[in-house]
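Please look at the sequence and the structure shown below. The briefing that follows describes them topic by topic.

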Amino acid sequence: MIEDLAMHLADLVENSLRAGARHVSISLSRCGDSFLIEVSDDGAGIPQPELARVVDPFYTTKRGSKVGLGLPLLVQTAEETGGSWAVEPRPEGGTRVRARLGWDHPDRPPLGDLAGTLVPLIATSPGVEFTVELSDDRGTWRLCTGEIRERIGDIPLTHPEVLCFLEEALREGMDAVGLKEDR
Amino acid sequence: MKLDELRKIRERAEAELRLRGGPSRVKIVVGMGTSGIAAGARQTLRAILDEVARRDLRDVVVTQTGEKGLAAQEPIVEVHEPTRITIYGEVDEAFARRIVTEHVVNGRPLSERVVEVREVRDDQPAH
């Protein structure tokens, strides 16, 4: 169903957008055998009584949907690869979801097309600022849509040349921090 | 990444915009909820963005939305026009390109994979 980590990430970002977030931070960090995915937002947040139920596949807040499989599947992936997870409210409002996976674990899904997944999602979400941070043992690479919008003015992120720029930038960032499939 | 490249892109895009002008004519919305993503909505969204860019359709806006409660028919694509909203289901990459070429460019809505067509009254803007 959800075949790669890029799909998991897209699902987390979609949750943030549905919660009305105006700023979404995405962080991917590979450190040794550990791969950390973190998405935090300033959206409506999850009320404390509901936090414990977000990983129940038969619980969802979506209208018209009977099941909420996104988070339970991510939790399952994290646990199957010897990792851990956390879904918690941010003190300043919104939600933070973290999943730590074992990078070298045979059950880790492939990374998938990260740039090809994230860029269309980012570009087609007007009014939402994204920060993407990629890091490894050596350093951190960062992309802020706010900085990009400052430079392109009223030109939309869906402009073909801007889309190409964003995909190239993200791929450069992945190369810079060694975030690539190596098996 | 050279952020200066963006200034050049902006100059070119603004020059094009001055030449063409006009507000957006059509909005295409792709459902990107969990079931949509699992059913291939990423490829659908990418195909639509690609086709719109390739055909240089500057009066078409592409956005995405979450679940629509139509999980069995994902990926879902809505075409919003001033007088109607057409909702297509099970839109794979090839069908997404047909929606752009036949419905959006040629103005001939497809008869296949239509989930619903909603007429939009004057006091209920489609956009």
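**Core and conventions**

Among the 76 residues of the largest nonpolar core, those touching the most other members are A:Leu9, A:Val13, A:Leu166, B:Ile28, B:Ile48 and B:Val77. A nonpolar core is a set of buried Ala, Val, Leu, Ile, Met, Phe, Trp, Tyr and Cys residues joined through C-beta atoms within 7 Å. A residue is buried if 20 or more other C-beta atoms lie within 10 Å of its own, exposed if 12 or fewer, and partly exposed in between, with C-beta atoms placed from the backbone. The model is predicted: local features need pLDDT of at least 70, side-chain atom pairs count only at pLDDT 80 or more, and totals for chains, interfaces and linings use all residues. Residues are numbered from 1 along each chain as its sequence is written, while chains are lettered from A and ligands numbered from 1 in the order in which they are written.

- Leaving aside neighbours within four places in sequence, B:Ile48 is in contact with B:Ile28, B:Val30, B:Val62, B:Ala96 and B:Val100; two residues are in contact if their C-beta atoms, placed from the backbone, lie within 7 Å.
- In soluble globular proteins, nonpolar side chains tend to be buried together.

**Chain B as a whole**

- Chain B contains 4 helices and 5 strands, and their order along the sequence is α-β-α-α-β-β-β-α-β.
- Of the 127 residues in chain B, 38% are buried.
- When contacts in chain B between residues at least 6 apart in sequence are considered, 69% join residues at least 24 apart.

**Where the two chains meet**

- Chain A places 36 residues in contact with 26 residues of chain B.
- On the chain A side, the elements that give two or more residues are α1 (5-18), α4, α5 (145-152) and α6.
- The most is given by α6(A), with 7 residues.
- By class, this side of chain A has 17 nonpolar, 10 polar and 9 charged residues; Ala, Val, Leu, Ile, Met, Phe, Trp, Tyr, Cys and Pro count as nonpolar, Asp, Glu, Lys and Arg as charged, and the others, Gly among them, as polar.

**Helix α3 of chain A**

- The buried residues in α3(A) (residues 70-80) are A:Gly70, A:Leu71, A:Leu73, A:Leu74, A:Val75, A:Thr77 and A:Ala78.
- Their cover includes α1, β3 (84-89) and β4 (95-102) of chain A, together with α2 (34-38) of chain B.
- After α3(A) comes A:Gly82, which has a positive phi near 75°.

**Helix α4 of chain A and the helices it meets**

- The axes of α4(A) (residues 114-123) and α6(A) (residues 160-176) come within 9 Å and cross at roughly 135°; axes are lines fitted to C-alpha atoms, for helices over the stretch in contact, and angles run from 0 to 180 degrees between N-to-C directions.
- That angle makes α4(A) oblique to α6(A); angles under 35 degrees count as roughly parallel, over 145 as roughly antiparallel, 65 to 115 as roughly perpendicular and the rest as oblique.
- The contact of α4(A) with α6(A) has 10 nonpolar, 1 polar and 2 charged residues.
- The axes of α4(A) and α3(B) (residues 41-54) come within 10 Å and cross at roughly 65°, and these two helices are therefore roughly perpendicular to each other.
- This contact joins A:Gly116, A:Thr117 and A:Pro120 of α4(A) to B:Arg42, B:Leu45, B:Arg46 and B:Leu49 of α3(B).
- The residues of that contact divide into 3 nonpolar, 2 polar and 2 charged.

**A loop residue in chain B**

- B:Gln73 lies in the loop between β2 (60-65) and β3 (77-80) of chain B.
- B:Gln73 counts as partly exposed because it has 19 C-beta neighbours inside 10 Å.
- Although B:Gln73 and B:Gly89 are 16 residues apart along the chain, their C-alpha atoms are separated by 4.9 Å.
- Not counting residues up to four places away in sequence, B:Gln73 touches B:Gly89, B:Glu90 and B:Val115.
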